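Please find below a short note on the structure under discussion. It is arranged as numbered points for reading beside the coordinates.

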Amino acid sequence: MTGPPPLIEIRNLTRTYNIGRTALHALKNVSLTIEHGEYVAVVGTSGSGKSTLLNILGLLDRPTEGTYNIRKQDAGDLTDRQRTTLRNREIGFVFQEFNLLARATARRQAELPLFYAGVSRKESRRRALNALAQVGLADRADHRPEELSGGQRQRVAIARALVNSPSLLLADEPTGAIDTQTGEEVMALFEQRHLEGLTLLIVTHDREIAARARRIITLRDGAVISDERRPAPAAAP
Amino acid sequence: MRLLKYFPLAVENIAVRKLRSFLTMLGVIIGVASVLTTLGIGRGASADIMQDIASEGLTLLIVESGTNSDQTWTSGQPLTMADVAALSDPSLHPDIVQAVPLYRQYIHLGTGNTSRFIEVVGTTPAYAAIHNLELTQGRFLTEQEIAQRTKSVVIGADVAQWQFAGADAVGKSLRITNEPYTVVGVLRKRGWDRFGNMDIRAVIPLAVAQDRLRSTSPAHRHRGEYTVSEIHVNAVSIERLDAAARQVEQTLRLRRVLTEDEPNDFNIDNQAWLLETANSVAATLTAFLAGIGAISLLVGGIGIMNIMLVSVTERTSEIGLRKAVGAHNRDILLQFLVEALMLTLVGGLIGIAISYGLAEIVKSFSSPDFPLVVLIEPGSLAAALSVSAVCGLLFGLYPAIRATRLDPIEALRHE
């Protein structure tokens, strides 16, 4: 085997929640490999284990059984501190409900990961404004969430996710709370970054959104039932 | 320092929740203001008492003939002018400023039904100084009057009232044991002290008293010397009071030729007990007020904890997000702790400002009869600030720990 190691490699991953006496298997024996620069959509009905997978890949949750290697590092061996640092440096999150700070300006939102990365205030400001410019919100840097539309809010969240130049972007229903037209714009933003080399993993139940990806992984009852790769769109406009 | 970066964050978080922040601070504001004001009133009152006591002559030793032990009075050889002269020798008594003789006698003033019993004190001008006597009219006795045995008298406020009904007394004549004395001064009303009621007193030159107010006890003369009732010895300082007492004792024992196994036949008294009593009253008062203050700070602190806990719950999703994008538990802990610390410190500062305002208001109710002094000491300020900081850390700690324990997945889902 040649080539760079995969970005993500999970083997026989199981996640079990204990609810009272019954055990709920959110993920059952899932194995996946995601290479650098892939564009993956994870689809499935609610309760299929999509979010659990995303949380584990995002180092927010730990598997009950199985291994998870990210950049050849076994995530199970990492301390909480190391996992947090890795999350900060390598992973960007975009959520359905944007999860912006209620009363902070767009610039402050985008600066947040840099604050915890220990970047100086001046440099944080520069990079946050840069990230906002990339999502087309250069003129909204001093606006607070209540002054922004849904699509603008999600773009702030994307600026925040990308400000630290992560290698993996995890998006949980990124278009779920915004209208179709705005959703298109958001997806276009993601795809532009994908073309620049960002690895994208988007969890969605929207077939149309999923159809844009190069690889679609379908989950049902905690297990992968299909994993189809598709060629690049014939003609990108 | 890495800690510093949490301060601007805390300022922002406090600023965007102005009402909430103010309510949080209110407990500390009220606590600190009430502690400082009550403590200040306590300190002011005790300083006032101390000043009163100081004007009573804390550095005074009162030397009397005879001893008073186990409530039995044992008479001794009378004190004489020779004793006064001996005690006035500074080379033998380095801790004594001066020794002032007193010759006192109680007499009737006036005749028949209107007669009043007053105390006539024969002494020297130094008496006014060591007792901090103030005059409302005229002046005190002069050295010249003492030397020339002038029949001049300085009278107490009540005596002046009785005899002259408040009119100008200076220059008027007052009859004491049927002899006319010229009033040269009237003392300020002062009331009772260790030495009796100053207001029903008449002070005349020592030699005049010794000559004109003869009594049988003490004997008029002893070994050819005029006797005195008391010698008031002024020590150089409160700290040297005991040393001064030892010097007086040594001299008097020598002059009385007392052998080593003979007890003193004189008594040296001081007013240190007054100071002790005042100190213990002040300490009790301060402890009491500090206790009230501590309770109000505790209540304020619990208020802070309460609101910080609400704030943690309210900001659950914020905490989840911060953790997701890279906040370590330490970051979350410090964020909430620094916020609590800032709230309490700002609250403390506002409390200090308010306490100064309250002090001015309290002072405005002050009157000569009921003096209200508010003394806010720098030590109290430092204590108030550090106590409120400790309050912030202590009561902010639990909510902060709660915040770090939040599961980011749960917290992110929380809306």
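This is a predicted model: local features need pLDDT of at least 70, side-chain atom pairs count only at pLDDT 80 or more; totals for chains, interfaces and linings use all residues.

1. The interface between chain A and chain B brings 23 residues of chain A into contact with 24 residues of chain B. About 2200 Å² is buried between the two chains, and carbon and sulfur atoms give 59% of that area. On the chain A side, the residues that lose the most area to chain B are Arg103(A), Phe115(A) and Tyr116(A), which together account for 30% of what that side buries.

2. How many salt bridges does the rule find across the interface of chain A and chain B? The rule finds one. Glu12(B) forms a salt bridge with Arg108(A), and the closest N and O atoms of this pair are 2.6 Å apart.

3. Over all chains, a search of the whole structure finds 35 salt bridges. Within chain A, Arg229(A) forms a salt bridge with Glu38(A), with the closest N and O atoms 3.2 Å apart. This pair links distant parts of the chain, the two residues being 191 residues apart. Arg229(A) lies in strand S10 (residues 223–229) of chain A, whereas Glu38(A) lies in the loop between strand S2 (22–34) and strand S3 (39–43) of chain A.

4. In chain A, the axes of helix H5 (residues 150–162) and helix H6 (residues 180–195) come within 10 Å and cross at roughly 15°. H5(A) and H6(A) are therefore roughly parallel to each other, since angles under 35 degrees count as such. The crossing in which H5(A) passes H6(A) is right-handed. From H5(A), the residues Gly151(A), Gln154(A), Arg155(A), Ile158(A) and Leu162(A) meet Thr182(A), Glu185(A), Val186(A), Leu189(A), Phe190(A) and Arg193(A) of H6(A). The residues of this contact comprise five nonpolar, three polar and three charged.

5. In chain B, the axes of helix H10 (residues 316–324) and helix H11 (residues 329–364) also come within 10 Å, and they cross at roughly 140°. That angle makes H10(B) oblique to H11(B), because the label of roughly antiparallel requires an angle over 145 degrees. The crossing of H10(B) and H11(B) is right-handed. H10(B) contributes Glu318(B), Ile319(B), Arg322(B) and Lys323(B) to the contact, and H11(B) contributes Asn329(B), Ile332(B), Gln335(B) and Phe336(B). Here the residues divide into three nonpolar, two polar and three charged.

Notes. Residues are numbered from 1 along each chain as its sequence is written. Chains are lettered from A and ligands numbered from 1 in the order in which they are written. Side-chain values use heavy atoms; hydrogens and water are left out. Axes are lines fitted to C-alpha atoms, for helices over the stretch in contact, and angles run from 0 to 180 degrees between N-to-C directions. Helices (H or I, at least four residues) and strands (E, at least two) are DSSP runs, numbered from the N terminus. Angles under 35 degrees count as roughly parallel, over 145 as roughly antiparallel, 65 to 115 as roughly perpendicular and the rest as oblique. A crossing is left-handed if the near helix is turned anticlockwise from the far one by less than a right angle, and right-handed if clockwise. Contact means heavy atoms within 4.5 Å. Ala, Val, Leu, Ile, Met, Phe, Trp, Tyr, Cys and Pro count as nonpolar, Asp, Glu, Lys and Arg as charged, and the others, Gly among them, as polar. Buried area is the accessible area (1.4 Å probe) that two parts lose on being put together, summed over both. A salt bridge is a side-chain nitrogen of Lys or Arg within 4 Å of a carboxyl oxygen of Asp or Glu.
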